[in-house]
Amino acid sequence: MLRTGFIALLISASAHAESLPENLNWNTNWEDPIFASPDAKRGGTLRNSMVSFPQTLRSVGPDANSGIRYYLMDGTPKLAQRHPNTGNWIPQLANEWAFGDDQKTVYFKLNPTAKWSDGEAVTAEDYLFMLTYYRSKDIVDPWYNDFFRNSIAKVTKFDDFTIAIEMAEPKSNDELMSLLNMPSNGVQPRPKHFFSKIKDENGDGMDDNYVRKYNFKVEPTTSPYYIDSVKKGKSITFKHVGADWWGYENKYYQHRFNVDKFRIKVIRDNDIARKHFEKGKLDTFGVILPHLWHEKSNTEPFTNGFIHKFWGFNQTPQGAGGLWMNTAMPMLDDINVRKGVTYATDFDGMIKNVLRGDYSRKPHAMGFGHGAYDLASATAPVFDPQRAANYFDQAGFDKIGPDGIRVNAAGERLSFKITYGYTFWTPRIAYLKEQAKQAGLEFELNLVDGSAAFKYILEKKHQLAFLNMGGGDIPAYKEYFHSSNANKPQTNNHTNYSTVELDKKIEAFKSEFDVEKKQQLSRDIQKDISDAFVIVPGYMVPYTRDAYWRWVKFPTNPMTKKTAALFNILGTSNFWIDTDLKKQTLEAYKQGKSFEPVTIIDDRYKLQ
């Protein structure tokens, strides 16, 4: 017997053909410049490493947010994508799109040649099934359940290759496209044919044992790469669909995705992985960390020219981050204490003295790179221990204890633990600890290793959290500062801060579809967050740095504004492996020959 809710779901995802509205203005864009090189060569295997084997090959549900999810969902084709240099929308799975008069609905004409990696066609039915998939409780993923029930109103099929997606609230046309094409929100087809034989006793259209049954099943993809081989606990290999991959008909996909295979091997220690790389067992290695770039790249393979170095700047949006203060904790509910902590935290000194000046300071706690959504007048607070001391005095911490740390009349010490997740961050936080003593403030280091640190913070157990979050084109506020997420575990309101006034602005921001009004609301919200002194703005890293063996090639201008990683097989970068040069290089290496050392810096998109 069908449940009432499931009947409603079937109606909202109705598969019967409907008529398109008249006078739709269809948009496309085949005019922007290509950003890949026609000099690229196909072939070879790119070898990389990961520190642990994923607990699942699912892209949603328990344990799905692993290091390989990008290759399963986030980096795979959406309906459209922003051009990485112009910012204009360009086709991906959809060739054309049009906007409804209701400011909620976007119509799409799908690419009729698009196929799943198993050869089946991608059709409107796969987008109808998308709703069934993400709304099902069987996927055990509350975030996607909420988004596809409360943010996506319905999907309508007009024919096999024409659909409409309606949002629950009105938005500007550009924001509608942004929301429907975000890398991680899941608005992309799901292969209905793959899930056709299911056990569905609870009547929501998905297998009741989805999490267990599909834990290590390889789902078809629209990507140029699919999982070809899994050696549990050891490696995962992705294989290219082939030269006839449907995407190569799209000019923006041409000359990209050039390697035949991508193998990720489990190496549980990064220092050991680096040694494997220097022996030629891995092709590339990230050297973003200052000590890797400045100190660990002077070994013989580098100085003899076998391994090259690359530093490329980008203009990707930077998310919220820095030092988050949990206002639900004693003392941190006092704004004078928070002001004191802010001015006693020396991020600028850390960047200069610990990070060699490589990183940049975020001007605002909510990040950078959102255009007119950002508060242009925002500047990061400077380290000022005397100013911090004045605020601590006002908070009642007006006496200095024998250890140099302030105390109040009740004998409470001005001391807070900073929770963080990676050992290599320890010198950074140790520097903050030493500098804070100048204001009579004690920072204790609370290392909670890896993903457990984020869980600890989500459970609101922290006092202070050293944490950076990801960001998109438009800043996110509800998850961080709305009262609906405050004082609740498993939410991103890491400060537990909210006010009635801020709630109203966040709700207005969420529903506003006039772009200029929305941008003004964003700036107002950012000012309120600054005035609350709940996050000390941290640092940002607007570049990628990589080391690579000389057989890995790329064009003269390898970076785009949005290239986050140079050697990402699904990214906007354009690289390839010269298999002939690889043979020559390995032979030269055996013979003890050498080449000129090479360091390439692409600073065309460096922020000034």
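How much space lies in the largest cavity? The legends below start there.

**View 1. The largest cavity and its lining.** About 260 Å³ of space lies in this cavity, and the model holds four cavities of 30 Å³ or more. A cavity here is a set of points, on a 1 Å grid over the protein atoms alone, where a 1.4 Å probe fits but cannot get out, and lining residues have an atom within 4 Å of a point. Grid points are joined across faces, edges and corners, and a volume is the space filled by probe spheres set on the points. Of the 22 lining residues, Leu-72, Arg-190, Glu-219, Pro-220 and Thr-221 are the closest to the centre. Helix H2 (69-74) and strand S8 (225-231) are the elements that give two or more residues to the lining. Helices (H or I, at least four residues) and strands (E, at least two) are DSSP runs, numbered from the N terminus.

Please keep in mind that this is a predicted model: local features need pLDDT of at least 70, side-chain atom pairs count only at pLDDT 80 or more, and totals for chains, interfaces and linings use all residues. Residues are numbered from 1 along each chain as its sequence is written, and side-chain values use heavy atoms, with hydrogens and water left out.

**View 2. An open sheet of four strands.** The order is S11-S22-S12-S25, with mixed pairing (two strands pair if DSSP finds at least two bridges between them). S11 (284-286) and S25 (599-602) stand at the edges with a single partner strand each, so one side of each has no neighbour in the sheet. On average, neighbouring strands are turned by 20° against each other, direction ignored. S12 (residues 307-313) pairs with S25 in the parallel sense over four bridges, and Gly-312 stands opposite Asp-602 in S25.

**View 3. The largest nonpolar core.** Such a core is a set of buried Ala, Val, Leu, Ile, Met, Phe, Trp, Tyr and Cys residues joined through side-chain atoms within 4.5 Å. Helix H3 (residues 124-135) gives the largest share, eight residues.

**View 4. Thr-342 in helix H10.** The helix spans residues 335-343. Thr-342 counts as buried because its relative accessibility is 2% (buried means under 20% relative accessible area, with a 1.4 Å probe and protein chains only). Leaving aside neighbours within four places in sequence, Thr-342 is in contact with Met-325, Pro-381, Phe-533 and Val-536 (contact means heavy atoms within 4.5 Å).

Note on methods:
Buried means under 20% relative accessible area, exposed over 50%, partly exposed in between (1.4 Å probe, protein chains only). Axes are lines fitted to C-alpha atoms, for helices over the stretch in contact, and angles run from 0 to 180 degrees between N-to-C directions. On a 1 Å grid over the protein atoms alone, a cavity is a set of points where a 1.4 Å probe fits but cannot get out, and a pocket is an open set with protein on both sides within 12 Å along at least five of seven lines; lining residues have an atom within 4 Å of a point.
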